[in-house]
Amino acid sequence: DVCVDGHCLTCPAEQAKHASWQCGHRAEVCRDHQGREIEKSVSVGPGCNEPFICGDDHQCQCVPDTPFSLMAMGYECGVLPDGCRSNVTLPSCAYSGNENA
């Protein structure tokens, strides 16, 4: 069951095709306790945590930091992790040992 603002709906169970989905939504026709049909977008899977987003294939995909996003956070130089098991290279640092101080 799914409840929205105290109005509860019974929606069909996930189908086998949704079993491999990590994230996303499926459109279903649900019923309330009075038998009225309501179309509802129902979440599928556990969802994604940052820096992951839900892709068109319903799998969580990592979105790496870019030089521009890191500079917007205040980093200025050096090599930094991108959040997706790789690195991002910013401009060379002017002073040794002063990377992103």
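This is a predicted model: local features need pLDDT of at least 70, side-chain atom pairs count only at pLDDT 80 or more; totals for chains, interfaces and linings use all residues.
**Exercise 1.** Work out which side chains of strand β3 are buried, and which strands pair with β3.

*Solution.* Start with the side chains of residues 25-32, which alternate along the strand. Arg 26, Glu 28, Cys 30 and Asp 32 point to one face and are buried.

Next, look at the neighbours. Strand β2 (residues 7-10) runs antiparallel to β3 and is joined to it by 2 bridges; here Thr 10 has Arg 31 as its bridge partner. Strand β4 (residues 37-43) is also antiparallel to β3, with 7 bridges, and His 25 is partnered by Ser 43. Finally, check the hairpin of β3 and β4: 4 residues lie between the strands, and Gly 35 has a positive phi near 85°.

**Exercise 2.** Find the disulfide partner of Cys 30 and describe the link.

*Solution.* The partner is Cys 11, with the sulfur atoms 2.0 Å apart. The angle about the S-S bond is 105°, a right-handed link. Cys 11 sits in the loop between β2 and β3 while Cys 30 is in β3, so the bond ties together parts 19 residues apart in sequence. Now the burial: Cys 11 has a relative accessible area of 18% and Cys 30 has 0%. Buried means under 20%, so Cys 11 is buried, and Cys 30 is buried too.

Terms used. Residues are numbered from 1 along each chain as its sequence is written. Side-chain values use heavy atoms; hydrogens and water are left out. Buried means under 20% relative accessible area, exposed over 50%, partly exposed in between (1.4 Å probe, protein chains only). Two strands pair if DSSP finds at least two bridges between them. A disulfide is a pair of cysteine sulfur atoms within 2.5 Å.
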